[in-house]
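Here are my notes from going through this model, as numbered points. Have the viewer open while you read.

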Amino acid sequence: MTLRLPPVAPGSPFAHRAPDVTAFRISVSAAPESQAETLLAHLGPDTLTQLMTEATEGDGYVDISADPARLTLNLQKRTETSIERFGLIGSLYGVTGRDLAFVVERLQPDPDPTKDAGDILSIEVTELGLESVPYVHEDDWLRRQLHALEEAAKLPLVLAGQAFANHERQWLAWQAEQDARPYEVESEGWVCSKCENLQSNGTKCGVCGATNGDRSAGALVVLSRRGGFKEGDRVVIKPVHGAEREGTLLRSDNGGRRWLVKLREEGVLGPGTIRPQPITAVVEVQQRTLNGFPAGDISLRRVAALLIAPDEVLPPGKQEIEPFDERLNPSQQQAVLGGVNLFPGSMMLVQGPPGTGKTTSIVETVRQLVARDPNVRILMTSHANTAVDNAQERLQGLDSLRMVRIAEPEKVDPKFRASIVEADDPRVRTAHVVFGTVNRIALACKEAEMFDWLILDEANKVRFTETLPLLRLAPRWLLVGDHRQLPPVLDESAAAFPVDGDEAKAMVRDASFFE
């Protein structure tokens, strides 16, 4: 039996949402000398189980300021002819064996659903029993999980991650300043939106003949010396006179010194300096995620619980599978069995050197998940497009598997470009598997737990700061890699991060989350 509290009505937008808390058993009882105990003396103790198991939908709220936490279940039982509403209010806490106890203090008919009762909470258990289990503060794993955000915010690893992300952003800004070059303006005018040639005046392009109402201001500038610029770069221009301007480099000649720039705003430019606009979007996502712990971002509560108490994470279930690939060896079968039976908030690490069949295990895991749930949503990601290409190629031939890719076309193998979509494409919501690199997915996907499973391949190459934004996108995490192989790239920016003998800072800089 699987019991969801509160239950979710079929067709509800929350039907596919993972529960906030997963446990094996919940023990329900009435609090001594309470209204619930008095009422149940007349109605019978089985009333509690009937109310909880026969409800068809409802809402659950938890107040974590109380010790133990207080749970409010506003339930309703809907039939073809009537709707019965009732509420259960009491204490909820964890007990040994990864079980829960709910001590009901009050039963009320037709509760007020608008009354603020705390954060939304949903629970899933496999057993429900009627017995009283005493509260022991040290055994209350649920309280630790519900307060995980404030505890995670103090972890040395999280603090080191914040310092590393701040350093990365500052480095990018500093690097852009080093690449600044003085320039002179050769000519100014507007850029044809069709052929992207510079015109000095008139409404008609002298090159292609197009008449463009959406033309952009532009200028041909000559740098004092070559810089590390390339076509398509966004730049910041600081004229000698006037405010900073933003633009895009269209093309160059004269050895990279003479550039055509499309400007965002009209107006005379004049001489000045030009520098690349620092590309900080990915680092900003990492900063927002790390800063979410002290800010109390509840979308990170599951991640925080993993960080503060990894030993309390539920191990995978034991539901048996029938392999599609009969060639799987015992270790591969074990990896697949664990991957498909992950509970929400659980992580599995699959480690093995090259040639041991890690990718084969990933393919089998995907096939098993789709066979079990035709509406499953899997995020498949890795550090580089070549690794994502490899995973996508292995799954390409499977019939009825819906797959899309979030990527820049020029960075993807041509045979996969037909699967590329924008992040807001409806097919992202309906695909069985969404592929993309770690950074691309972090930028494109904003909604917490929009996927059911995260599969991170070559996880040994992905830092702690890069992994965290991915973890909030799914409630179940399968990380595949080999920490004995290549670690994350130590580029110039990372190498400049001052560790000063701090173990956490050294781990954030040099090691992967996988390690």
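1. Let's begin in a loop, with D452. Setting aside neighbours within four places in sequence, D452 is in contact with H16, N375, V376, R377, A474, P475 and R476. Bear in mind throughout that this is a predicted model. The loop in question runs between α12 (438-444) and β22 (453-456). Is D452 buried or exposed? Its relative accessibility is 5%, so D452 counts as buried, the cut-off being under 20%.

2. Next, a glutamine in a helix. Q287 sits in α6 (residues 281-295). With a relative accessible area of 10%, Q287 is buried. Beyond neighbours within four places in sequence, the contacts of Q287 are A165, N166 and R169.

3. Now the overall picture. The protein has 515 residues, and 50% of them count as buried. You'll find 15 helices and 23 strands. The C-alpha trace spans about 95 × 55 × 55 Å along its principal axes. Looking at contacts between residues at least 6 apart in sequence, 69% join residues at least 24 apart.

4. The accessible surface comes to about 24,900 Å², and carbon and sulfur atoms account for 50% of that.

5. Which residues touch the most other members of the largest nonpolar core? They are F293, L468 and F513, in a core of 49 residues. Helix α7 (residues 301-308) gives this core its largest share, 5 residues. As for L468, its contacts outside the four places either side in sequence are T289, L290, F293, V303, L307 and F513. Another core, of 31 residues, lies apart from this one, and its members include V21, L40, L51 and L146.

6. Helix α15 (residues 503-510) is worth a look down its axis. A504, V508 and R509 are buried there. Seen that way, the buried residues of α15 fall within an arc of 130 degrees, so they line one face of the helix. What do they pack against? The partners are α5 (156-178), α13 (464-471) and α14 (492-495).

7. Two cis peptide bonds to check before you set anything up. L5 and P6 are joined by one, with omega about -5 degrees; P6 lies in the loop between β1 (3-5) and β2 (21-22). D67 and P68 are joined by another, with omega about 5 degrees, and P68 lies in the loop between β4 (57-63) and β5 (69-78).

8. Finally, backbone angles. R98 is not a glycine, yet its phi is positive, near 60 degrees. R98 is found in the loop between β6 (83-95) and β7 (99-109), and at 14% relative accessibility R98 counts as buried. D500 also has a positive phi without being a glycine, in this case about 55 degrees. The place of D500 is the loop between α14 and α15. Here the relative accessible area is 68%, so D500 is exposed.

Technical notes
Residues are numbered from 1 along each chain as its sequence is written. This is a predicted model: local features need pLDDT of at least 70, side-chain atom pairs count only at pLDDT 80 or more; totals for chains, interfaces and linings use all residues. Side-chain values use heavy atoms; hydrogens and water are left out. Helices (H or I, at least four residues) and strands (E, at least two) are DSSP runs, numbered from the N terminus. Buried means under 20% relative accessible area, exposed over 50%, partly exposed in between (1.4 Å probe, protein chains only). Contact means heavy atoms within 4.5 Å. Accessible areas come from the Shrake-Rupley method with a 1.4 Å probe; for residues, only the protein chains shown count as cover. A nonpolar core is a set of buried Ala, Val, Leu, Ile, Met, Phe, Trp, Tyr and Cys residues joined through side-chain atoms within 4.5 Å. The arc is that of the directions from the helix axis to the C-beta atoms.
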